[in-house]
Amino acid sequence: MTSSTVPLRNLSSDAAHAAVAAAVAHARGLGIRVNAAAVDASGVLLAFLRMDGAFLHSVDIAIDKAYTAAGFGFATEGWASAMAGDEMLKAALSVRPRLVVVGGGVPAYEGTQRVGALGVSGGSAEQDAACARAALAAIGLAEQAQ
């Protein structure tokens, strides 16, 4: 008989707060102002930090980047190759609320289990992704299942 339940592990609130602080510290070093979000494995917001002067519209974008990465289990910048040559997929995904397909969202894995994600918005897609990856490194988690 199979089990009726599965174990679920999540990013802790302490780790989430440390991660957004690390993302902001990395952004400061790059000379940019960002919004940083950390979500649990279900995409629910755990921690958020907005730097002084960071773009207001980037608040929701950062949260949605984290939500997208948590939901699909890969970095948001990976959507470009996932949609390459598939116009129907591009059209279908373009109307999905909260789906962000530019860099800056990365999933957080502990071993083989996805435990959450980080999302950063305010710089270029590459800068946002670097800040999110710095956040993961600061809390000792990986972007891919190990």
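Reader: Which strands form a hairpin, and how many residues lie between them?

Author: Strands here are DSSP runs of at least two residues, numbered from the N terminus, and two strands pair if DSSP finds at least two bridges between them. In this predicted model, where local features need pLDDT of at least 70, side-chain atom pairs count only at pLDDT 80 or more, and totals for chains, interfaces and linings use all residues, E3 and E4 form a hairpin with two residues between them, and Gly111 in the turn has a positive phi of about 65°. E3 and E4 (residues 113-121) pair in the antiparallel sense over six bridges, with Gly119 in E4 as the bridge partner of Gly105. Residues are numbered from 1 along each chain as its sequence is written, and side-chain values use heavy atoms, leaving out hydrogens and water.

Reader: Why is E3 largely enclosed by the rest of the structure?

Author: Buried means under 20% relative accessible area, exposed over 50%, and partly exposed in between, with a 1.4 Å probe and protein chains only. Strand E3 (residues 105-110) has five of its six residues buried, so the rest of the structure largely encloses it.

Reader: Which residues form one aromatic cluster?

Author: Rings of Phe, Tyr and Trp (its six-membered ring) pair if their centres lie within 6.5 Å, and planes under 30 degrees apart count as stacked, over 60 as edge-to-face and the rest as tilted. The whole structure holds three aromatic pairs. The ring centres of Phe72 and Phe74 are 6.3 Å apart with planes at 55°, so this pair is tilted; for Phe74 and Trp79 the centres are 5.0 Å apart and the planes at 50°, so that pair is tilted. Phe72, Phe74 and Trp79 form one cluster, in which Trp79 is buried at 5%, whereas Phe72 is partly exposed at 44%.

Conventions. Helices (H or I, at least four residues) and strands (E, at least two) are DSSP runs, numbered from the N terminus.
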